[in-house]
Amino acid sequence: MSADAHATHGHGHDDGRDHGSFKSYMTGFILSVILTAIPFWLVMTGAIENKNWTIAIVVAFAVVQIVVHMIYFLHMNTTSDAGWTMMALIFTIIVVVIALSGSLWVMYHLNVNMMPVHDMRNMP
């Protein structure tokens, strides 16, 4: 059996996917450490006095870190698996956004939609 025949049966190591290199893993690791250390420093030192801005910055760093993990560790891009990986990612993001926004909406309006609690001490 020739090497070409062996590769066509799916047993070859080069399947067209990016498995990453030491350099790409180290780049992802260093970016992850930086993207973790900066928000940690912001929170621990109280560098920004406005807590809402601190929360927004920490969430932004978290989103960037998710993208770094997807690119450098999960090797996700638009060309892998004929685009099905990206399609699965988009579907997952849509489901998560719907679940989170629905949950937040319910929790925010929970107090308004609940029945009032009566003070039992003033009941005849």
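Which side-chain oxygen reaches to within 3.0 Å of the backbone nitrogen of Asn52 at the start of H3? Asn50 supplies that oxygen, and the views below place this detail in its surroundings. This is a predicted model in which local features need pLDDT of at least 70, side-chain atom pairs count only at pLDDT 80 or more, and totals for chains, interfaces and linings use all residues. Residues are numbered from 1 along each chain as its sequence is written, and side-chain values use heavy atoms, with hydrogens and water left out.

**View 1. The whole chain follows an α-α-α-α pattern.** You will find four helices and zero strands here; helices (H or I, at least four residues) and strands (E, at least two) are DSSP runs, numbered from the N terminus. Of the 124 residues, 13% count as buried, meaning under 20% relative accessible area with a 1.4 Å probe, protein chains only.

**View 2. Helices H2 and H3 pair up along their axes.** H2 covers residues 22-45 and H3 residues 51-72; their axes come within 10 Å and cross at roughly 170°. Axes are lines fitted to C-alpha atoms, over the stretch in contact, with angles running from 0 to 180 degrees between N-to-C directions. H2 and H3 are therefore roughly antiparallel, the word for angles over 145 degrees. Contact (heavy atoms within 4.5 Å) involves residues including Leu31, Leu35 and Leu42 of H2 and Ile57, Phe61 and Val64 of H3. By class, this contact has 13 nonpolar, eight polar and no charged residues; Ala, Val, Leu, Ile, Met, Phe, Trp, Tyr, Cys and Pro count as nonpolar, Asp, Glu, Lys and Arg as charged, and the others, Gly among them, as polar.

**View 3. H2 packs its buried residues against H3.** Those buried residues are Ser24, Gly28, Ser32, Leu35, Pro39 and Leu42. The end C-alpha atoms of H2 are 34 Å apart, in agreement with the 34 Å that its 24 residues should span at 1.5 Å a residue. After H2 comes Gly46, with a positive phi near 65°.

**View 4. Gly28 sits in helix H2.** Gly28 counts as buried because its relative accessibility is 0%. Leaving aside residues up to four places away in sequence, Gly28 touches Val68, Tyr72 and Phe73.

**View 5. H3 has its own buried residues.** They are Thr54, Gln65, Val68 and Met70.

Terms used:
Angles under 35 degrees count as roughly parallel, over 145 as roughly antiparallel, 65 to 115 as roughly perpendicular and the rest as oblique. Buried means under 20% relative accessible area, exposed over 50%, partly exposed in between (1.4 Å probe, protein chains only). A polar contact is a pair of N or O atoms within 3.5 Å; within protein, one must be able to donate a hydrogen and the other to accept it, and residues adjacent in sequence count only if both atoms are side-chain atoms. The expected span of a helix is 1.5 Å times one less than its number of residues.
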